Amino acid sequence: MSPRGLGTRLASALVVPSVVLYRRLLLRFPARLRRRFGGEMAGAFHALLEERVARRGLRGFLSAWGVALRDLSHPLPGRPVQDRARRTGGVDAGRRSAGGRGLRASLEDLGFAWGSVRRDPRFTALLVAVLALGLALNAAVFSVVNAYLLRPLPYPEADRIVEVRPVTDVSWTQVADIFERAVSWDLDVFTLVGEEGPEMVRGSWVTPDFLDVYGVRASLGRTFRPEEADPGAALVAMISERLWRERFGAAPDIVGRSFSAYTSDRPDHAESFRIVGVIPADFWHVNAYTDVLSPIRVERAVYVGRLRPDVPLPAAEAALTELARSTTAQLPADFQVRLTPLQDAYTASVRPTLTVLQGAVLLVLLIACSNAIVLLLVRSARRRRELGMRQALGATALRVGRQLAWEGLILSGAAGVLGLAAAALLLDLTRAGLQARLGRAIPGGLEALSLDPSVVMAAAGACAVIGLSFGLVPALLFLVGRGVPLGTGDARGRGEGRSPRRLRAALVASEVALSTALLAGAGLMVRSAVHLHRMPLGFDATGVIHGSIGLRHASYPDPSMRVLLYESLLDRVRGMGDVEAAAMASSTPFSGIIRPDALEGERVRDASDGRARGTVTSVGAGFFSALGIPLLRGRDFGPDDTEGSEPVAIVSRGLGERLWPGRDPLGARVRTLPGTDGGMAMGDASPGPWRTVVGIVDDITRDLGNGSDGQLWLAYPQQAGYWMSLVARRRPGASSASVVTSVERALAELDPDIPFSATSELERNVAAARAPTRLVAWLLGGFAGFALVLSLLGLYGVVAYAARQRRRDIAIRIALGADVDSVTGLFLRNGLLVVALGVGTGVIGGLFLGQALAGQLRGIPPGDPFTHGAVAAGLLLTAACAVWLPARQASRAAPMTVLRED
Amino acid sequence: MPDRDAGTAPLTPAVFHVLLSLADGPLHGYGVMKRAEEDSGLVLGPGTVYGSLQRLEDAGWVRVGREDRADARRGRLFELTSAGRRALEAEARRITRLSHLEGVRRLVPGSGTP
């Protein structure tokens with residue numbers, strides 16, 4: 001989409017509203033003319049607009065409005081012949097201005113404003129561009145904030161839907177007094193089998209009210225009935241619209257048909273589900289496990305509920321806490337159920353990031369605005385003569401102020417339109433990437449992230465405030481500084497009051513301060529991104545592909561059968577040309593956060609405590625070499641570590657040091673302890689068997705959440721599960737897709753009913769884990785850079801202006817023999833004072849910003865002296881340049897040239 | 001309301017251009033705007049054009065006719081009356097006279113040569 005095409009399209013879209021507006025503006029003309037020719041005038045304006053837009057696009061559109069506005073603000077045609085008063089337009093304008101009232105006068109001021117905006121196109125373009133960019137960033141970020149945090153989840157009366165935490169033993173059937181409806185669910189993977197081939201889809205076992213809580217109806221068929229959740233009832237299911245279209249060809253008779261699937265509920269054989277309905281395509285759930293829904297047939301603790309309208313949240317919390325106490329004995333005294341609006345619970349992880357980004361772009365906008373005001377102030381000082389003239393000719397202070405306000409509104413309005421267009425483009429380009437990097441699906445789907453009316457309203461409001469402040473500040477200054485005799489050579493730089501100078505200095509100092517703070521924040525984020533990037537993973541992710549293999553309990557009841565299948569598959573995969581190494585593992589790094597288990601090392605002779613936490617993973621022989629994890633001592637697992645042999649383990653170096661401080665872990669024994677996390681029983685209730693440590697490997701980073709807690713590795717054949725991951729490193733030059741295809745083929749030869757699912761590249765997972773920090777670092781860096789450029793521009797502009805104001809002064813001094821350096825120094829001193837003030841304030845602001853960012857920093861303290869120091873020093877240096885350049889220029893000008901000016 | 005000054009006082013530029021654009025035949029308002037722009041690069045807004053036309057009608061220099069049959073959307077056609085044509089000719093003569101002034105000829109080489 002070329003900018004020109006966009007402009008033309010925008011202009012064409014605005015033609016009809018323009019004519020409507022013009023019709024209203026016709027009120028400005030005398031009633032007689034309006035009654036007689038009003039319709040034709042509007043028609044003529046319409047024709048003019050259409051013709052100009054067709055010829056010159058947006059520019060034509062603006063010029064047509066220019067013609068109309070001039071026409072509207074200008075005198076009504078008087079007698080056909082000229083008269084004296086009319087020939088002296090200025091005087092007449094002043095007189096009419098003085099007497100003008102209401103809309104007519106206001107429009108006249110609009111005309112003057114339009115004229116002055118057009119007179120200085122480069123200035124206008126710069127101002128509008130800077131503001132438009134600031135507004136575009138704000139509109140885009142605000143759209144994201146809006147999509148995640150502000151707009152309610154896509155359910156009717158979504159604010160009444162709350163999440164229950166912690167999960168209690170209170171069943172969803174017990175809470176009818178508190179919730180209108182309550183739900184619970186259990187995520188599962190359904191392996192659909194049949195003529196269409198095996199397909200794994202994500203689904204959930206849900207309480208019968210599941211869709212009703214969210215206020216969603218079936219798009220075909222119906223939702224569940226309560227009796228369908230009875231333990232003995234026949235299995236029914238609802239399927240997603242996607243599944244209906246893709247697997248069942250959108251069959252119109254789908255309701256009543258059945259499909260077969262394996263689930264973890266009854267893993268030993270495929271069960272038949274009768275389809276009762278289709279879930280509408282626009283149904284969105286906090287998790288994406290909604291391809292198949294089936295009623296859950298056991299008691300389940302309530303997860304989410306829709307509050308009854310008559311039960312306030314605190315009362316509901318109290319009632320639930322009471323229920324939990326009566327259901328579960330021995331809850332701690334301070335046990336308290338919390339109900340969080342579902343939206344808050346869902347967006348908790350992105351909230352800090354979005355808050356930081358929105359804050360940063362608001363700062364950028366603030367900087368852009370103060371920058372624009374500084375530029376306008378500098379210009380308004382130049383325009384004192386023009387405005388003074390208007391006033392002398394009889395225009396009231398109000399009228400002059402109104403003209404300035406109109407100018408501000410024209411500028412900010414133009415910036416607003418451009419900014420919104422740019423924001424729309426920006427969102428189009430970044431929508432999908434943004435969602436991926438934030439790691440949370442946008443509520444309501446990707447399309448929900450757009451410039452919706454609330455964003456446009458907010459932008460319009462911001463524009464109005466900005467525009468008026470643009471007008472008001474110079475207007476106030478002009479009126480305050482009115483005592484100076486007008487037309488007595490202001491252009492030569494005398495007679496400017498002290499207050500405008502001070503205001504400009506204060507504005508520039510605050511720009512510098514805001515930029516300093518923003519840069520410090522960006523610096524911290526960039527450094528934590530670098531830290532994450534440099535943090536040693538402890539393994540080599542390049543070219544590693546992994547995917548899941550799920551076996552059916554019925555076909556592989558015996559662990560040795562499962563090992564046989566996995567090993568046969570590995571033999572085939574290892575023999576393939578595009579695979580360098582392959583191994584089995586119960587899970588892979590960077591594929592979901594795994595909570596570390598409590599571990600106990602057998603006490604060796606003395607009585608050291610020997611407990612530590614570490615993540616436990618079962619892997620097969622060759623896993624460490626496939627991932628490039630160095631084996632430090634001892635041996636890798638081998639073919640002799642089987643179900644019947646002595647249980648063995650490999651510990652990571654760090655874990656070994658913590659379990660057996662100062663001793664050799666090799667030969668020692670270790671076991672897992674029952675989980676004690678969060679008061680909920682996790683895993684087995686009794687300790688695992690003692691296992692002998694046969695090897696020591698280096699620590700790895702399992703995910704960015706845990707850092708390197710230390711790992712305990714078990715030999716997978718000694719507890720072969722139904723779910724394993726196959727990890728394969730491709731040969732250089734081979735593609736991941738070809739490896740996946742090869743594995744699928746090998747698997748199909750062994751058992752055609754097993755899919756190779758959830759395949760992904762390890763490198764991608766690592767990158768995805770680093771993405772949010774990187775995103776914030778990049779964005780903050782960009783925003784801060786923009787802010788820096790703006791504040792330097794403001795600084796330069798103010799010093800250059802001050803120097804220009806006093807150039808006669810300088811010229812005389814230099815002509816009289818003053819040293820160029822001493823004159824430069826004069827401006828340098830003033831400018832640097834402003835800079836120092838700004839940077840000083842900014843450093844304090846940066847420290848506060850650092851605190852606000854603390855939760856998102858990795859490996860760097862919020863008050864890191866190096867970052868804050870470097871930012872301050874860098875800013876002082878660049879700002880000094882921005883001051884020095886114009887000061888130097890002013891003192892270098894040839895004295896005689898300057899003195900001859902004006 | 002015939003204007004006493006007709007033929008003596010100079011016309012305003014807008015009125016002159018509106019009259020001039022009608023010299024070759026009737027036009028509607030938008031046609032006047034286009035014609036003035038083509039002839040002299042002068043962009044007259046709808047307010048100026050219709051305001052002038054109304055004044056000219058009052059002065060008896062322009063007559064408001066029927067709707068343009070070819071393009072009814074554009075509205076009514078305007079045409080010069082004989083008084084209007086006289087006023088336009090007078091103004092044209094005045095301008096020509098002006099351009100023959102010795103001072104003007106010196107200012108603008110090539111102007112005013114017969």
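Strand 12 (residues 544-550) and strand 21 (residues 723-730) of chain A pair in the antiparallel sense over seven bridges. Helices (H or I, at least four residues) and strands (E, at least two) are DSSP runs, numbered from the N terminus, and two strands pair if DSSP finds at least two bridges between them. To find one of these bridges, look at A:Val544, whose partner in strand 21 of chain A is A:Arg729. Strand 21 of chain A also pairs with strand 13 (residues 579-585) of chain A, again in the antiparallel sense, over six bridges. Here A:Ala585 has A:Ser725 of strand 21 of chain A as its bridge partner. Why is strand 21 of chain A called largely enclosed by the rest of the structure? Because six of its eight residues are buried, where buried means under 20% relative accessible area, exposed over 50%, and partly exposed in between (1.4 Å probe, protein chains only).

Before going further, keep in mind that this is a predicted model: local features need pLDDT of at least 70, side-chain atom pairs count only at pLDDT 80 or more, and totals for chains, interfaces and linings use all residues. Residues are numbered from 1 along each chain as its sequence is written, chains are lettered from A and ligands numbered from 1 in the order in which they are written, and side-chain values use heavy atoms, with hydrogens and water left out.

Now for a sheet elsewhere in chain A. This open sheet has four strands in the order 2-10-1-11, with antiparallel pairing. At its edges are strand 2 (179-183) and strand 11 (338-341) of chain A, each pairing on one side only. On average, neighbouring strands of this sheet are turned by 30 degrees against each other, direction ignored. Strand 2 of chain A and strand 10 (residues 304-307) of chain A are joined in the antiparallel sense by four bridges, and one pair to look for is A:Arg181 with its bridge partner A:Arg306 in strand 10 of chain A.

Helix 9 (residues 313-327) of chain A packs on this sheet and touches strand 1 (161-165), strand 2, strand 10 and strand 11 of chain A. The direction of helix 9 makes about 140 degrees with that of strand 11 of chain A; axes are lines fitted to C-alpha atoms, for helices over the stretch in contact, and angles run from 0 to 180 degrees between N-to-C directions. Helix 9 of chain A is also where you will find A:Leu313. Is A:Leu313 buried or partly exposed? A:Leu313 counts as partly exposed, at 30% relative accessibility. Leaving aside neighbours within four places in sequence, A:Leu313 is in contact (heavy atoms within 4.5 Å) with A:Val162, A:Leu307 and A:Leu339. The C-alpha atoms of A:Leu313 and A:Thr340 are 9.0 Å apart, although 27 residues separate them along the chain.

Next, the inside. In soluble globular proteins, nonpolar side chains tend to be buried together. A nonpolar core is a set of buried Ala, Val, Leu, Ile, Met, Phe, Trp, Tyr and Cys residues joined through side-chain atoms within 4.5 Å. The largest one here has 87 residues, and those with the most contacts inside it include A:Val144, A:Tyr148, A:Leu354 and A:Leu438. Among the elements that give two or more residues to this core are helix 6 (121-150), helix 11 (351-382) and helix 13 (397-438) of chain A. The core lies between domain 2 (96-157 + 346-486) and domain 4 (512-531 + 769-900) of chain A, because both give residues to it; the domain bounds come from an automatic or database domain assignment. Take A:Leu354: beyond its neighbours within four places in sequence, A:Leu354 is in contact with A:Val144, A:Val145, A:Tyr148, A:Leu149 and A:Leu438. A second, separate core of 50 residues includes A:Tyr22, A:Ala44, A:Phe45 and B:Leu11.

Chain B has five helices and two strands, in the pattern α-α-α-β-β-α-α along the sequence. Of its 114 residues, 43% count as buried. In helix 1 (residues 13-21) of chain B, seven of the nine residues are buried, including B:Phe16 and B:Leu19.

Finally, how confident is the predictor? The score is pLDDT, the predictor's confidence in each residue, from 0 to 100. Chain A has a mean pLDDT of 81, and chain B has a mean of 79.
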